[in-house]
Amino acid sequence: MRDRSRLELFDQALTRLKAREPAKDILSSLPADVELAEMVYLAANLHTTTAVPSSTAQAASKQGMLQAARQTAKAGRGMGFGLWLRAPQFVLVLVVLIASLTISGLVSAQALPGQPLYGIKRSMETLQLAMTRDSSGKLQLEEVLDARRINEVIRLRSMGTESHVEFAGWLQQNEQGEWSVQGVPLITNERSPLWNVLLNGSYVQVTGNIQAEGVQVQSLELRLFTLDGQLQQVDNGSWQINGIPLEISEHTQLFTPLMNGTDVRASAIRLSNSEYLLLSLSMRNPAKSQTHQVEGIQKTISIRPTITAISGDNNKRVPVLELTIITTVGVDSTSDDGYEQDQDKFQETMVVEGKPDPIMQPADTNIPLEPPELEETEKGQKEERVTRTPEAED
Amino acid sequence: MLSEEKSASPETEDHQLLEKARQNDMQAIAMIHDRYYPKIWGFICYRISNQQVCEDIASDVFLRLIAQLKKRKGRIDHLGGWLMGTTHHLVMDHYRDLYKNSHSDLEGHSNLHSNESTHATVEDSIQFELLRDLLIELTDEQQLVLNLRFSRQFSLEETALVMKRSVGAVKLLQYRAVKSLQKLAKKRGLS
């Protein structure tokens, strides 16, 4: 017998078994099939359970279910009511939290170095800086923060508090040869670094201790800025990153070609309030680009002032500043053959004339930053000292 | 054509009861219990001979229903299907626990057939007990289809709904299940 017809016959037999018809009677009315008969007898045995639940067990189960339902309903209502009750508490906690943050922010805004809340103030500033994505906005914020540091130094000096400070601003030398940063006098002792006269007019970062006469300098470095954003060329041919004007010299290290719309990261020093000298330029997200990835840039700028050059028509000996820039560049490039890595070392020398400094005798100074705004000289060409001065003081 | 027994609770009534139960209507909850307890109990007892275990599992099914009604996720669409599915899982869990603990619980074995109808014989009962031991060797679906169909509670249509299959598929499945059981019984010399 075919399985399909057996399936139908078996189904009929099951229905009759359900109707309590004996298996023997069912099979007598069906075509003779041993296998089907065995299955029907087996199915008849499977049908033997006709037990009914005990009424006690059923009642107990019902009670349990209703009790659970009541508890759940009560818990649901309780939670709703509890939430309503707790809502003002949440609001109160939130208000207190916001208020305390605001108050601590306001109070710490007046804090000075060495005071307990000064750490909070600096942390909030760091957070604010980290949250600022736009390069232009970041620079504006850095400017505000630099002004704040200067203000702190002035206040500490007026209070006569001796404290360690760190601040940035335009370095200037007056006619008496005295140095200052944003009006804060700089004083030196035997442990202070000596800096070159050519740094006059540069935007520098100073650390030191406040004394009655001024800030005793512990370190003085050119301030380096990092600019992230889109490279754009403006109508006059000059370049900008996110609207920040850049000056590009032939010593600018370009690790990516100058192309409109490229997403770049640049390191720069400040030439004026609104202009920056580009020191290096690289792709910000090289993985997305087909251009080579450049990493591991190490720069050492050694300034070795020498008095050997003769400049001008009058054959006058003047100090000449020689900058040796040693740059180690690790270049990762992907070729068809696989992954290659090269390291090249470049050495450049800029020779820049400086004017004689009657007050400070320049010494060997290693500045671990990029070169200041200096103009390169060429042999046989009339050399002129170039000193940039800030356009305006903060 | 098959003349299946008519469902005691139409699906629309189940939906209404479910909605009321969700709103903590105690009367609706009680009605659900009254309507489904015998079916669930029969379903469990078809597989488990220990009456105490049957009652515990049946109670557990309804407690799980209460918990499920409060959940926002996993809403119950078909009350009967959900209850039988849950019951089947609990029965299978019971067997898994038995295998893990490797002990045979003979206590309470079984006054299951104490209320049997007059035509049921002791011999039938013994035969059924032997067959029930073989059921566990069938596939999960085969066990479920036999359980639903032969605990005399579910029509083809209801079984199809619980198992989310067509009526034809259920027919084929039950046929294969009985055939497999028959082979197992022959192997054990039970035929």
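My entries below start with the ground rules and then go through chain A and chain B.

**Ground rules.** I am working with a predicted model, where local features need pLDDT of at least 70 and side-chain atom pairs count only at pLDDT 80 or more, while totals for chains, interfaces and linings use all residues. Residues are numbered from 1 along each chain as its sequence is written, and chains are lettered from A and ligands numbered from 1 in the order in which they are written.

**Chain A, the barrel.** I found 5 strands of chain A closing into a barrel, ordered E1-E2-E3-E5-E4, with mixed pairing. Strands here are DSSP runs of E with at least two residues, and helices are runs of H or I with at least four, numbered from the N terminus. Two strands pair if DSSP finds at least two bridges between them.

I then looked at one pair: E1 (residues 164-173) and E4 (residues 203-210) of chain A run antiparallel and are joined by 7 bridges. In this chain, A:Phe167 stands opposite A:Val206 in E4(A).

**Chain B, the helices.** How many helices and strands does chain B have? I noted 8 helices and 0 strands. Of its 191 residues, 36% count as buried (20 or more other C-beta atoms within 10 Å of the residue's own, with C-beta atoms placed from the backbone).

**Helix H8(B).** I looked up H8 (residues 167-187) of chain B, which has 21 residues. Its buried residues include B:Val170, B:Leu173 and B:Leu181. After H8(B) comes B:Gly189, with a positive phi near 75 degrees.

How values were computed
Expected span 1.5 Å × (residues − 1). Buried ≥ 20, exposed ≤ 12 C-beta atoms within 10 Å, placed from the backbone.
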